[in-house]
Amino acid sequence: LPLYTLSEGDILFAMKNYSEALTSYQKVNKSNIVSAASYYSTATTMQMLKADQKDIIAMLDSCVNMCSKPITRDAAPYLLARAQAYSDAGMFRPALLDYNTYYDAVNGQVNDLFYYYREQAANKAHQYQQALNDIQAAIDANPKEMLYRVEQGAMNLRVGRVDIAVKQLQEAIKL
């Protein structure tokens, strides 16, 4: 039964037998119990096997497409995973869209790391104002993290705000 095959895949994954786990998950994805979760498990297993990033994204697309719209808090982790996969593939604008949709799905209840990762995607997508806003939000959430202050200074240098950048980098040195 497909349910047993899914359990088998989970056990094989826990045992770090990723190639056999992938085979089990692929069987489940062709069965009557296919779900967003089974596609997500497949994508996660593919990541462990260092599969092609485009194939991983395609699997995460299938995962997100199975979720009801608008995306709810329960399905939000799938968006976050796809956003990270997009970033890993150098596809920063789609990553930014997923980060923004994730933010909405969790009603803005995110931590400093979320803001940092979204800032990184925004920066690489040349969305500098969002990047500046996000790195400030990361600092507000975790004011003792020096990396965020250095990143903020670097972002201000990128947009030509040298005086502000110098001041921010000096604050980072003080930390």
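**Helical pairs and backbone exceptions in a predicted model**

His-126 counts as exposed, since its relative accessibility is 52%, where exposed means over 50% relative accessible area, buried under 20% and partly exposed in between (1.4 Å probe, protein chains only). The structure is a predicted model, in which local features need pLDDT of at least 70 and side-chain atom pairs count only at pLDDT 80 or more, whereas totals for chains, interfaces and linings use all residues. Residues are numbered from 1 along each chain as its sequence is written, and side-chain values use heavy atoms, with hydrogens and water left out.

The chain contains 10 helices and 0 strands, helices being DSSP runs of H or I with at least four residues and strands runs of E with at least two, numbered from the N terminus. Read from the N terminus, the order of elements is α-α-α-α-α-α-α-α-α-α. Along the principal axes, the C-alpha atoms fill a box of roughly 65 × 30 × 25 Å. Of the 175 residues, 42% count as buried, and the chain exposes about 9,800 Å², of which carbon and sulfur atoms supply 54%; accessible areas come from the Shrake-Rupley method with a 1.4 Å probe, and for residues only the protein chains shown count as cover. Among contacts (heavy atoms within 4.5 Å) in the chain with a separation of 6 or more, 43% come from residues 24 or more positions apart.

Helix H5 (residues 76-88) packs on helix H6 (residues 92-105) at an angle of about 160°, and their axes are 8 Å apart; axes are lines fitted to C-alpha atoms, for helices over the stretch in contact, and angles run from 0 to 180 degrees between N-to-C directions. H5 is therefore roughly antiparallel to H6, a term for angles over 145 degrees, with under 35 counted as roughly parallel, 65 to 115 as roughly perpendicular and the rest as oblique. The crossing of H5 and H6 is left-handed, that is, the near helix is turned anticlockwise from the far one by less than a right angle. On the H5 side the contact includes Leu-79, Leu-80, Arg-82 and Tyr-86, which are among the residues that meet H6 residues including Phe-92, Asp-98, Tyr-99 and Tyr-102. By class, this contact holds 12 nonpolar, 3 polar and 2 charged residues, where Ala, Val, Leu, Ile, Met, Phe, Trp, Tyr, Cys and Pro count as nonpolar, Asp, Glu, Lys and Arg as charged, and the others, Gly among them, as polar.

For helix H7 (residues 112-124) and helix H8 (residues 128-141), the axes come within 8 Å and cross at roughly 160°. H7 is therefore roughly antiparallel to H8, and the crossing of H7 and H8 is left-handed. Among the H7 residues in the contact are Tyr-115, Tyr-116, Arg-118 and Glu-119, and among those in H8 are Tyr-128, Asp-134, Ile-135 and Ala-138. The contact of H7 with H8 divides into 9 nonpolar, 2 polar and 4 charged residues.

The loops hold several backbone exceptions. Most residues other than glycine have a negative phi, and most peptide bonds are trans. His-126, in the loop between H7 and H8, has a positive phi near 60°. Lys-50, in the loop between helix H3 (36-48) and H4, also has a positive phi, of about 60°, although it is not a glycine, and Lys-50 counts as exposed because its relative accessibility is 73%. In the loop between helix H4 (53-65) and H5 lies Pro-70, and the peptide bond from Lys-69 to Pro-70 is cis, with omega near -5°.
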